[in-house]
Amino acid sequence: MKSPKLVEVDKSKKHIYWPTPDMKERAWAGTDKIYKDAAKDPKAFWAKLAQDGLDWETPWKKVYEEKPPYFKWFLGGKLNASYNCLDRHLKERGNKAAIIWEPESPNEKPRVLTYKQLHREVCQFANALKKLGIQKGDRVGIYLPMIPEVIVSMLACARIGAIHSVVFSAFSGESFRTRVDDCKAKVVITCDGYSRRGKPIELKKQADLASSAKSVKKAVIVKRLGNNVDMMDGRDVWYHELIAEAKAECKAQPMEANSTLFLLYTSGTTGKPKGVIHDTGGYLTQAYWTTLFDFDLHDNDVYWCTADIGWITGHTYACYGPLSVGATMVVYEGGPDYPDWGRFWSIVEKFGVSVFYTAPTAIRMFKKMGDKWIKKHDISSIRLLGTVGEPIDNEAWYWYFKTIGGGKAPVIDTWWQTETGGTLITALPGIGPFIPTVAGRPFPGTIAEILDDMGKPVKKGETGYLVFKPPFPPGLLRGVWNNSKKYRDTYWSEYGNKTYFTADGAKWHDKHNIRVTGRVDDVMKVAGHRLSSAEVEDALNSHPAIIESAVVPKPDEIRGQVPVAFIVLKRDIEPSEDLQKGIVSAVKKEIGPTAKPHQIIFVKGLPKTRSGKIMRRFLKSILVNEKLGDATTLQNPAIVDYLKEVVGYKKK
Ligand code: WTA
């Protein structure tokens with residue numbers, strides 16, 4: 001179905017767009033009264049949302065409590081996330097499609113799972129997990145591509161109160177192992193293999209590195225590719241065999257609102273990724289309402305979030321959010337360019353996708369590939385567009401708006417983080433305004449500020465640090481697994497333990513709307529994927545030829561940023577092409593292909609402070625020909641001229 005025109009340009013400011021009366025009329029939130037009401041009493045606002053949006057087994061006793069830097073929502077309330085995503089829809093939406101799964105090969109048939117079918121399989125797998133010895137509070141590591149079983153696995157864990165930790169299937173087996181070790185997972189779930197751009201990927205071989213961890217008792221293997229795999233007696237079991245013998249009823253375990261729903265490991269400023277803890281009640285409240293409000297979902301929508309489930313966007317907007325609101329969502333297994341660059345649009349056409357959510361890096365890539373791929377398909381069903389993951393530039397915004405949205409669909413630029421669980425800054429489709437490069441307003445009931453170095457609010461137009469003030473958003477992380485120090489140091493030390501520090505720079509575009517400028521720490525966004533300098537450096541430094549290294553982001557037209565590695569080799573080791581290749585494959589093995597350095601620059605030294613800390617910002621500036629800061633504080637100021645020469649720095 002062709003969608004109507006839902007946005008119009010501002011009469012006097014041509015770069016600003018507003019929802020049409022039609023859009024306002026149909027939206028869940030259609031006037032900015034919602035912001036004012038929420039601001040009067042944010043706790044009462046969220047309490048009402050939690051009550052209206054979710055099914056609770058036991059009501060909460062207290063709405064909110066703070067013991068800085070910890071806080072809780074809906075204390076004493078009990079609910080189950082899997083119940084909220086499945087059981088409660090069965091009566092009215094039992095036969096509605098929950099998942100429309102599109103396999104990578106266009107020759108293979110899509111698979112549709114109705115809410116009833118998904119419920120059945122989740123119950124069966126939850127029973128199977130119990131049989132394997134999984135109990136409430138146990139951790140389960142999930143390492144699967146975009147197949148329905150990954151969602152079944154997550155919901156099955158949630159159903160019995162087990163904590164899932166999903167690891168991106170394109171990460172290496174070593175990465176999976178590190179995460180499984182950190183959270184001491186008892187069971188891991190993976191598959192034999194899958195196909196990526198037509199090439200077989202033998203995932204079980206990678207997963208075996210983690211399955212052999214001491215904590216792991218059982219490994220469940222989904223059959224997907226049909227390749228030969230070695231099944232270890234007593235440890236490895238087939239998913240389909242477990243399902244075949246499992247009962248189809250499994251009561252959902254009521255969980256206290258503040259109990260952990262899942263862990264998701266993410267990159268910080270140190271080499272070791274941290275296990276971000278998300279709770280059940282607060283997280284689900286934010287997932288539910290942001291999905292409804294941001295994407296304005298109604299029962300006849302077909303929604304598609306293209307993020308991989310291994311990232312937070314996949315967790316919240318390709319699983320918990322859409323399923324908790326009872327939506328129909330598309331899940332696609334493969335790459336955007338397989339078999340050609342028209343694949344996404346053929347999927348939009350085939351299923352009549354009306355709401356489409358993707359990342360700026362994908363948008364820039366499609367733009368570069370040319371409009372011919374889009375013109376081959378009828379994508380007029382699209383009526384709302386979303387973007388996430390990094391700042392979107394003006395050109396990409398307009399291209400997305402005009403070419404994909406046909407100039408009639410609002411573009412919702414959502415700012416958020418793994419840590420915030422759900423979106424926090426965005427324009428709402430029924431309220432607007434939609435302004436290219438401006439994310440929008442803090443979600444109703446949340447309090448954002450932009451502070452200077454001294455902790456004072458910045459003036460309009462000045463850049464500062466984006467923070468959130470109490471009451472903290474219900475979906476915000478509740479801790480770092482096994483590492484309360486990291487939790488305090490990373491998020492609650494910059495401005496004290498009552499201010500959540502995002503590590504993003506931002507400025508006020510006007511009184512209400514925020515433009516996010518990007519990370520202020522050593523975290524990069526490479527093709528939308530979050531990666532830390534230290535993590536890549538750790539992988540590099542494990543190479544026998546390397547003494548030390550520094551990894552910094554370099555701007556890239558398509559990928560946003562790409563990692564560039566400055567490497568100091570051991571004495572007597574000469575740089576060579578083979579060595580470069582070896583170094584790149586070491587990073588691939590340790591982390592995965594996403595972390596691969598785009599460029600390797602061999603140097604004889606790195607800029608350091610007197611205390612020996614590597615000053616990555618000098619390297620960053622040299623790479624982009626930017627004015628350099630004061631080098632006199634360096635232990636080795638002469639290194640700067642040397643590095644400029646190596647890189648070919650041209651003074652402007
Ligand atoms: C960046 C992704 C500008 C930001 C959900 C943040 C954005 C980091 C936007 C978190 C946006 C995300 N505009 N920047 N709309 N969305 N970011 O944890 O720097 O993978 O801190 O979560 O992405 O990345 P993460």
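In this predicted model, E149 is a buried residue, with a relative accessible area of 11%. Its charged partner is R111, and the closest N and O atoms of this salt bridge are 3.3 Å apart. The pair brings together distant parts of the chain, since R111 sits in strand β7 and E149 in helix α7 (residues 148-160), 38 residues apart. R111 itself counts as partly exposed, at 28% relative accessibility.

T114 counts as buried because its relative accessible area, 14%, is under 20%. Beyond its neighbours within four places in sequence, T114 is in contact with G94, N95, K96, A97 and A98. By contrast, 47 Å separates the C-alpha atoms of T114 and E494, which lie 380 residues apart along the chain.

The salt bridges come to a count of 42. One of them joins R343 to E102, with 2.7 Å between the closest N and O atoms. Here too the link spans distant parts of the chain: R343 belongs to helix α13 (residues 343-351) and E102 to strand β6 (residues 97-102), 241 residues apart. R343 is buried, at 4% relative accessibility, and E102 is buried as well, with a relative accessible area of 2%.

Loops take part too. K186 forms a salt bridge with D138, the closest N and O atoms lying 3.0 Å apart. K186 lies in the loop between α8 (173-183) and β10 (187-191), and D138 in the loop between α6 (115-131) and β8 (139-142), so this pair ties together parts that are 48 residues apart in sequence. K186 is partly exposed, with a relative accessible area of 27%, whereas D138 counts as buried at 14%. Elsewhere, salt bridges that share partners join R26, D296, D301 and R383 into one network.

Attention can now turn to the ligand. Of the 17 residues around it, D413, T414, T418, D504 and R530 come nearest. The residues of this shell divide into 6 nonpolar, 5 polar and 6 charged. A polar side-chain atom of D504 lies 2.4 Å from an oxygen atom of the ligand, and one of K525 lies 2.8 Å from a ligand oxygen atom. G389 takes part through its backbone, where an N or O atom lies 3.1 Å from a nitrogen atom of the ligand. Taken alone, the ligand exposes 530 Å², and the protein buries 97% of that. The elements giving two or more residues to the shell are α12 (312-324), β22 (411-414) and β29 (514-519).

Methods:
Residues numbered from 1 in each chain as written. Predicted model: local features only at pLDDT ≥ 70, side-chain atom pairs only at ≥ 80, totals over all residues. Heavy atoms only, no water. Near = heavy atom within 4 Å. Polar contact = N/O pair within 3.5 Å; in protein donor to acceptor, adjacent residues only side chain to side chain. Areas by Shrake-Rupley, 256 points an atom, 1.4 Å probe, with all protein chains shown as cover. Helix = DSSP H or I, 4+ residues; strand = E, 2+ residues; numbered from the N terminus. Nonpolar A, V, L, I, M, F, W, Y, C, P; charged D, E, K, R; others polar. Buried < 20%, exposed > 50% of the residue type's maximum accessible area, 1.4 Å probe, protein only. Contact = heavy atoms within 4.5 Å. Salt bridge = Lys/Arg side-chain N within 4 Å of Asp/Glu carboxyl O.
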